[in-house]
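Here are a few notes to go with the model, meant to be read with the viewer open. Could you take a look and follow along point by point?

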There are 2 protein chains.
Amino acid sequence: MTETTDIKPAGELGNGSTERTTRDPERTRASILAAATQEFAAKGLEGARTDDIARRAGANKRMIYHYFGSKEGLFQAVLEDTYAEIRGSEAALQLTSRDPVEAMGQLVAFSFDWFLKHPEFVKLLNEENLHGAAHVRASNVARSLNMPLVELISELLERGAKSGQFRTGVDPVQLYISIAGISYFYFSNRYTLSAIFNRQLEAPGALRERREHVVDIILGYLRP
Amino acid sequence: MTETTDIKPAGELGNGSTERTTRDPERTRASILAAATQEFAAKGLEGARTDDIARRAGANKRMIYHYFGSKEGLFQAVLEDTYAEIRGSEAALQLTSRDPVEAMGQLVAFSFDWFLKHPEFVKLLNEENLHGAAHVRASNVARSLNMPLVELISELLERGAKSGQFRTGVDPVQLYISIAGISYFYFSNRYTLSAIFNRQLEAPGALRERREHVVDIILGYLRP
DNA sequence: GCTGTAAGTAACTCATCAGTTACTTATCGG
DNA sequence: CCGATAAGTAACTGATGAGTTACTTACAGC
C-alpha cells in the first residue's frame, strides 16, 4: 500500500537536513509506484509514458525495469496496490449504528464517498476492464484479497431480515454489485453524462443530491 | 447509423454477379466505420491500429484520412454513429403494457438487454470517459440527440405517482442514471468482477439472475 | 468524348517510445 | 576492509505506427 502523499522523489534532500540520501530502494520503488498510479490513471496503460513516470518519480527509467520488469508489470503492481488500499479502507469502516437500516445507509454513502475521493481508482478499474482484467487475473495478490464489504452486507441483510426491517432472499453479491455500480457509473461516466445532460455532475449540489438518491434507492428496495 | 452486418469490404465481388464494383464511396466509408467500431471497442483509441482498421475494412489506409481526417476524427465518427444507434433503439421501444409498474419493469429489462447485446457500446463509452469525453463534447451530433428513455421515464413516473403505484418526488434524470448504471457496471466491470468473485458473470443463469435483480431494485425502490 | 474532381493505391517518412546496454557507485555481511 | 551484489546513470536501439506524398484511375456533368 502506498501513501500517495509525502513521497519525496528518490535522491531529493531530506527535510531540513543537508545530507543527501544517495540510495533508498524503498523510496525509489514507492515513488515510482506513486508516479505510475497518477500517470496510468491520467492516460491509461497505452497512453502513459515510461519516461514521464520516471521523470515524475525522480528516478531513472532503468529502475522501472529493475523493480517491476516491464510497463505491464508496473501496471499490475499499481492495481495490486490500489486494490489493497480500497480493501483496507473497507476493512477499517466502522459503522456507527447497530440499526441495520441506518448502518446500510452509512455503508452505501461510504461507497459513494470512496469513489468520489479516489477518481484514480475508477480510472484504473476502467482501464483494466478494457483489457479484460488481464492483470488482475495474473495477480495472486489482487485475487486473494478478501471482500470486507460483502461480509458486512451479508451480516446486515441477515440482521435486517430477522428484525423485519429488510426483505428476505437478497443475494449479498448482487447487492454489492448494485451498490458499487450505482455510484461507480455516476463517476466513471461523468464526462459523457455531463456533456449530454449539460449538467455539472461534480458540483457540490449535484453530488449531495446523488448521494442522497443512491442511499434512497438501496434502502427503498430493501424495505420488506 | 451503421449496420454492422452485411457490409462487404469495398472492392469485393458482389453476390453472384461477376462485375467488380470498382468504386463505391458509401460502402468504403461504411466499411471503414464498421471496422473502426470493432477495432476501437477491442483495443481502445490508443490501442487500435489504423493499418488494422484499413485492412479489416478492405480499404486503403489513405481512405481513413480522406473520409475522417484523422484517427481521432474516425473515433468521433464511431461514437456519433454508436450514440445514434442507441437513441434510435430507445425511440423504437414499444412498451407492451399501459400499467406503469409493468412498463417500468420492461424499460429496465430493455436497458439491461441492450448493454448485453452491445458490448462494443460499453467499451467505447468507457474509452471515451477515460478521455474526459473530449470527442462527445466536440460533437454536435452526439450532444444534440434527444433522450427518449428519459422522456419515457418521466411519463411513467408521473402516471405511476398519480395512480398511487409509485412514490413521488423522483428526479427522472437521477433514476435514468441509476437504471443505466446498475446494468452498465455489471457489464463494463464484468472482467474484474468475474476474476474477484470467481463467478462466470456471462453464464446464462447469472445473466437471468442479474436481470431479475436490477428490475427488482428499481421497482422495489419506486414503491410508495 | 473530354475534363475536373473525387476515389483509390503503394511506398515512404519521421517522431516516438518500450526496453537495453554498458557502465559506475553505494552498501553490507563476513 | 574487501568483494559481491544491489542501486543507480546516461546514452542508445530498433520497432512501430500515424500521417503523407506522389501518383493513377473512375466517372459525373457538360
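**Notes on the model**

1. Let us start at the DNA. Of the 21 residues around DNA strand D, the ones that come nearest are Pro25(A), Asn60(A), Arg62(A), Thr50(B) and Lys71(B); a residue is near a strand if its C-beta atom, placed from the backbone, lies within 6 Å of it. Please keep in mind that this is a predicted model: local features need pLDDT of at least 70, side-chain atom pairs count only at pLDDT 80 or more, and totals for chains, interfaces and linings use all residues. Residues are numbered from 1 along each chain as its sequence is written, while chains are lettered from A and ligands numbered from 1 in the order in which they are written.

2. Both chains contribute helices to this surface: helix 1 (25-47) and helix 3 (61-68) of chain A, and helix 2 (50-57) and helix 3 (61-68) of chain B, each supply at least two residues. Helices here are DSSP runs (H or I, at least four residues), numbered from the N terminus. By class, the surface near DNA strand D has 10 charged, six polar and five nonpolar residues. Asp, Glu, Lys and Arg count as charged, Ala, Val, Leu, Ile, Met, Phe, Trp, Tyr, Cys and Pro as nonpolar, and the others, Gly among them, as polar.

3. Next, a helix pair in chain B. Helix 5 (residues 100-117) and helix 9 (residues 148-162) of chain B pack at an angle of about 155°, their axes 9 Å apart. That makes helix 5 of chain B roughly antiparallel to helix 9 of chain B (an angle over 145 degrees, on a scale from 0 to 180 degrees between N-to-C directions, with axes fitted to C-alpha atoms over the stretch in contact).

4. Two loop residues of chain B have positive phi without being glycine. Ala133(B) has phi near 60° and sits in the loop between helix 6 (119-130) and helix 7 (134-138). Asn198(B) has phi near 50° and lies in the loop between helix 11 (190-197) and helix 12 (204-222).

5. Buried or exposed: which is Ala133(B)? Ala133(B) counts as buried because it has 23 C-beta neighbours inside 10 Å, whereas Asn198(B), with 8, counts as exposed. The cut-offs are 20 or more other C-beta atoms within 10 Å for buried, 12 or fewer for exposed, and partly exposed in between, with C-beta atoms placed from the backbone.

Methods. Angles under 35 degrees count as roughly parallel, over 145 as roughly antiparallel, 65 to 115 as roughly perpendicular and the rest as oblique.
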